[in-house]
Amino acid sequence: MSIENRLQQLGITIPHVPPRFNFIPGVQIGDLLFISGATPEIDGVMQQPGRLGADIDVETGQKLARLAALNCLGEIQMVLGSLDRVKRIVRVMGYVRSAADFGDQPLVINGASDLLVEVFGESGRHARAALGTSELPSGAAVELEMIVQVKD
């Protein structure tokens with residue numbers, strides 16, 4: 001089954017993510033595609049800005065990480081033309097805007113990881129970092145970067 005058909009089956013729509021700043025959505029070197037950071041925005045509007053462990057709970061953070069992952073998929077689609085060209089999700093780097101004592105960054109980034117496995121199956125399983133940070137662009141609660149292996 002193609003990824004496009006899988007998305008339809010799951011009822012998932014990949015957003016179009018227009019570039020707003022002075023960078024491109026991704027750079028391909030050989031069979032690796034390096035995807036720029038994506039935050040949980042809808043139509044350029046940041047969704048639920050704040051800090052995990054202060055303003056935002058883990059469950060909401062997971063939903064925001066899922067949205068950021070959808071935006072990464074939008075960037076991948078923009079660069080490759082189709083998600084069917086994805087061979088494997090290699091690595092996800094997740095940044096979580098965190099309160100001082102918050103330590104559940106891996107649980108938050110699971111929202112993104114779960115989506116990738118849902119969409120790509122075993123090819124969506126990936127290496128990962130889940131890091132806490134004090135600030136992210138526009139007050140975002142989560143930002144993701146990805147490295148993707150591309151089919152020939």
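Contact here means heavy atoms within 4.5 Å, and every view below is taken from a predicted model.

**View 1. His126 in the loop between α3 and β6.** In this predicted model, His126 is found in the loop that runs between α3 (105–120) and β6 (127–133). His126 counts as buried because its relative accessible area is 19%, and the cut-off for that class is under 20%.

**View 2. Residues in contact with His126.** When residues up to four places away in sequence are not counted, His126 touches Ile89, Val90, Arg91 and Val92, together with Ser113 and Leu116.

**View 3. Polar atoms around the side chain of His126.** The side chain of His126 makes a polar contact with the side chain of Ser113, at 2.8 Å. A polar atom of the His126 side chain also lies 2.7 Å from the backbone oxygen of Gly124.

**View 4. Gln149 in strand β7.** Gln149 is found in strand β7, which spans residues 142–150, and is classed as buried because its relative accessible area of 19% falls under 20%. Although 143 residues separate Gln149 from Arg6 in sequence, the two lie 19 Å apart in space, C-alpha to C-alpha.

**View 5. Contacts of Gln149, with the side chain of Asp31.** With its neighbours within four places in sequence left aside, Gln149 is in contact with Asp31 and Leu32, with Arg85, Val86, Lys87 and Arg88, and with Val90. For Asp31 there is also a polar contact between side chains, in which Gln149 and Asp31 are paired at 3.0 Å.

How values were computed: Residues are numbered from 1 along each chain as its sequence is written. This is a predicted model: local features need pLDDT of at least 70, side-chain atom pairs count only at pLDDT 80 or more; totals for chains, interfaces and linings use all residues. Side-chain values use heavy atoms; hydrogens and water are left out. Helices (H or I, at least four residues) and strands (E, at least two) are DSSP runs, numbered from the N terminus. Buried means under 20% relative accessible area, exposed over 50%, partly exposed in between (1.4 Å probe, protein chains only). A polar contact is a pair of N or O atoms within 3.5 Å; within protein, one must be able to donate a hydrogen and the other to accept it, and residues adjacent in sequence count only if both atoms are side-chain atoms.
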